[in-house]
Amino acid sequence: MAKDRLIDPIGQALTLAARRHRARTASLLVELGLFPGQDRVLQSLSENESLTMTAIADELRVKPPTASKMVSRMAAQGLLERKGKDDDARLVVVSITPEGQGRIEQLKKIAKRMEKDSLAGLDDKDIRRLRRLLKKVARNLGDGSAPVEAEDADLDL
């Protein structure tokens, strides 16, 4: 008779894979002089001409002070530029600098490398099945407040 386990093996496997993915990505970002999360700011700004601090916080799913601190660090590195909005000085608008834009191509290379490393040994059928199953797991674990498609549309699951 099997003993009841306190830890679910699927949860452990998902956690381990996510943890290792984050750690590997972080080490590659450090080589670019970036910290985790800063890549997402650059990506969002490369897809938009500019964003407000509130929009950046929403994109990152963090509180505004956290986003503000991140943007300040990135502006000090010359990756971003902050300006007061012409018609409302209380709003700060953030845009990407040419230096920050230069990092986008490097980030694309990191993303391709991580995808290749993560999926090594899997054929196309396995990859499609994995994406479908992960999307289903995410849906199952969601709180129902937003559909997985809306919440993670940028994940291309």
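A salt bridge is counted where a side-chain nitrogen of Lys or Arg lies within 4 Å of a carboxyl oxygen of Asp or Glu. In this predicted model, Asp-126 meets that rule with Arg-129, their closest N and O atoms being 3.9 Å apart. By the rule the count comes to seven salt bridges.

**Overall make-up**

The chain has seven helices and three strands. Along the sequence these elements follow the pattern α-α-β-α-α-β-β-α-α-α. The chain is 157 residues long, and 25% of its residues count as buried. Among contacts with a separation of 6 or more, 49% are between residues 24 or more positions apart.

**Salt bridges**

Side chains of opposite charge can pair when their charged atoms come close.

| Asp-117 | Arg-113 | 3.9 Å |

Arg-131, at 31% relative accessibility, is partly exposed.

Asp-117 and Arg-113 are both in helix 5, four residues apart, which is about one turn of the helix. Asp-117 counts as partly exposed because its relative accessibility is 34%, and Arg-113, with a relative accessible area of 44%, is partly exposed. In helix 6, Asp-126 and Arg-129 are three residues apart, again about one turn of the helix. Asp-126 is partly exposed at 28% relative accessibility, and Arg-129 is partly exposed at 35%. Salt bridges that share partners join Arg-24, Arg-113 and Asp-117 into one network.

**Arg-24 and its contacts**

Arg-24, a member of that network, is located in helix 1 (residues 9-31). Its relative accessibility of 38% is why Arg-24 counts as partly exposed. Apart from neighbours within four places in sequence, Arg-24 is in contact with Met-114 and Asp-117. Arg-24 and Met-114 are 90 residues apart in sequence, while their C-alpha atoms are 8.1 Å apart in space.

**Packing of helix 2 and helix 5**

Two packed helices are described by the angle between their axes and the distance between the axes. For helix 2 (residues 38-47) and helix 5 (residues 98-118), the angle is about 110° and the axes are 10 Å apart. Angles of 65 to 115 degrees count as roughly perpendicular, so helix 2 is roughly perpendicular to helix 5.

From helix 2, the residues in this contact are Asp-39, Leu-42, Gln-43 and Ser-46; they meet Gly-100, Gln-101, Arg-103, Ile-104 and Leu-107 of helix 5. Sorted by type, the residues of the contact divide into three nonpolar, four polar and two charged.

Ser-44 is another residue of helix 2. With a relative accessibility of 8%, below the 20% cut-off, Ser-44 counts as buried. Leaving out residues up to four places away in sequence, Ser-44 touches Leu-51 and Glu-59.

**The nonpolar core**

The largest nonpolar core has 24 residues, and the members that touch the most others are Val-41, Leu-42, Ile-56 and Leu-80. Two or more core residues come from each of helix 1, helix 2, helix 3 (53-60), helix 4 (64-76), strand 3 (88-96) and helix 5.

Leu-42 is named both in this core and in the contact of helix 2 with helix 5. Ile-56, not counting residues up to four places away in sequence, touches Val-41, Leu-51, Ala-67, Val-71 and Val-94.

How values were computed
Residues numbered from 1 in each chain as written. Predicted model: local features only at pLDDT ≥ 70, side-chain atom pairs only at ≥ 80, totals over all residues. Heavy atoms only, no water. Axes fitted to C-alpha atoms, helices over the stretch in contact; angles between N-to-C directions. Parallel < 35°, antiparallel > 145°, perpendicular 65-115°, else oblique. Contact = heavy atoms within 4.5 Å. Nonpolar A, V, L, I, M, F, W, Y, C, P; charged D, E, K, R; others polar. Buried < 20%, exposed > 50% of the residue type's maximum accessible area, 1.4 Å probe, protein only. Core = buried A, V, L, I, M, F, W, Y, C linked by side-chain atoms within 4.5 Å.
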